[in-house]
Amino acid sequence: MKELFAILIGAMLVENFVLTKFLGICPFLGVSKKTSTALGMSGAVVFVLVLSQAVTWLANEYLLVPNKLEYLQTITFILVIAALVQFVETVLKKLMPSLYKSLGVYLPLITTNCAVLGSALIFVERDYTFVESVVFGFAAGLGFTLALILFSGVRERLETADIPEAFKGMPITLIAASLVSITFIGFAGLIIS
Amino acid sequence: MAERKKSFSVLLNGLIKENPTFRLLLGMCPSLAVTTMAKNGLGMGAAATFVLVGSNLVISLIRKIVPDKVRIPAYITVIATFTTIVQLLMAALLPEINKQLGIFIPLIVVNCIIFARAEMFAQKNGPFLSVLDGLGMGAGFTLAITIIGSVREILGAGTWMGIPVTVNLFEPAIMFILPPGGFLVMGFLVALFNKLTNKKDRNAECETGCGVGCPGCSKAVNGGEA
């Protein structure tokens, strides 16, 4: 239990995916303009991350490792994730139309979100058990949500700020991200044991 | 003659006019994550260029056989294959850089640059031009992340390619090799790039084909929702 808690806090705050590990930067910069879109995207990411961690862990443990096919991890994982996203989309559309409506637009984007493939590669690297890797996926998703929502608040402020011409758009966004990222360095000293 | 001119412009396109990192803002994750040292930038750039050239070549060869409906999984498989090749090559030939780059080598699969070029270019052009495009885009990416890496390494560690350069000039600020420094240096470099080049065609970004998931296309998703 204690290990799971350490993983949870670790993946969420200490090694926040977006702000300290640079995973999932594209959606972080792409959909953080408004808090409502940020919430929708984060919901979809948490959902897919938890599912994909479970499925890729099983695929790795029962298909790749026993057959000594570890070198196929990258291909297998990305195809499993792409298929899973497609599957989730179809199922949600049929069974939970309201949830589909709020997450639907974001789902196709998640295949190319490096946070999803990244966390699959990390559980291999760290030899996580099934439960650990699912918790890790969940925590990584929460960390992503936290960063995205915090940052969308900052960006809504930036909209009305007076910014030098050359800095308009992406440059000022990146500099703001840098400041938000500094706050997360504060968690670096946090060690749970 | 015109033919040669066209190939040349395709090759040079990626360096400045459509620089994938500074102009199109594609592939941000590796551009920020591995650029704590100039050497890592070079290594990452070389690996991504290899995948770009390979996948552009194969995709332009199979573009007429693959049905439109399954094109995305087909392209992903091609890209993942080349990524696996580069992963194994790096592990065998450059173990030290491979260790530094870590999971960002397999993550080349989800690098928007590669998928965007497959959709935008290789799908519509012949193998020769596609390879040139891959080389040009790869060179542009390598150049950009090597510059970011150099700035961060010099300011943050006081060295360049591992050689000390700022011994008596100033005390290196470690912040630049930490994550916030990545965002900061990237922000200033993109601003500089905007200042130095013509900003007019800045809005061509959304046609890069990687969907609205990329920062350059944020307008599409936010505009559409508003």
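Two residues count as in contact here if their C-beta atoms, placed from the backbone, lie within 7 Å. Keep in mind that this is a predicted model, where local features need pLDDT of at least 70, side-chain atom pairs count only at pLDDT 80 or more, and totals for chains, interfaces and linings use all residues. For your selections, residues are numbered from 1 along each chain as its sequence is written, while chains are lettered from A and ligands numbered from 1 in the order in which they are written.

**Stop 1: chain B**

Select chain B and colour by contacts: among those between residues at least 6 apart in sequence, 74% join residues at least 24 apart. Switch to cartoon and you get nine helices and two strands (DSSP runs, H or I of at least four residues for helices, E of at least two for strands, numbered from the N terminus). From the N terminus, the order is α-α-α-α-α-α-α-β-β-α-α.

Now pick residues 127-157 of chain B, which is helix 7. Its 31 residues reach 43 Å from first C-alpha to last, close to the 45 Å expected at 1.5 Å a residue (the expected span is 1.5 Å times one less than the number of residues). Step just past the end of helix 7 to Gly158(B), which has a positive phi of about 75°.

**Stop 2: chain A**

Along the principal axes, its C-alpha atoms fill a box of roughly 60 × 45 × 30 Å.

**Stop 3: where the chains meet**

Bring both chains back. Here 41 residues of chain A are in contact with 45 residues of chain B. On the chain A side, the largest share, 10 residues, comes from helix 9, which is residues 170-185.

**Stop 4: the core**

Which residues have the most contacts inside the largest nonpolar core? Select Leu117(A) and Ile79(B), within a core of 112 residues. Such a core is a set of buried Ala, Val, Leu, Ile, Met, Phe, Trp, Tyr and Cys residues joined through C-beta atoms within 7 Å, and buried means 20 or more other C-beta atoms within 10 Å of a residue's own. Helix 8 of chain A (residues 130-158) gives this core its largest share, 11 residues.

Finish by zooming in on Ile79(B). Leaving aside neighbours within four places in sequence, Ile79(B) is in contact with Val51(B), Ser55(B), Val109(B), Ile114(B) and Phe115(B).

How values were computed. Buried ≥ 20, exposed ≤ 12 C-beta atoms within 10 Å, placed from the backbone.
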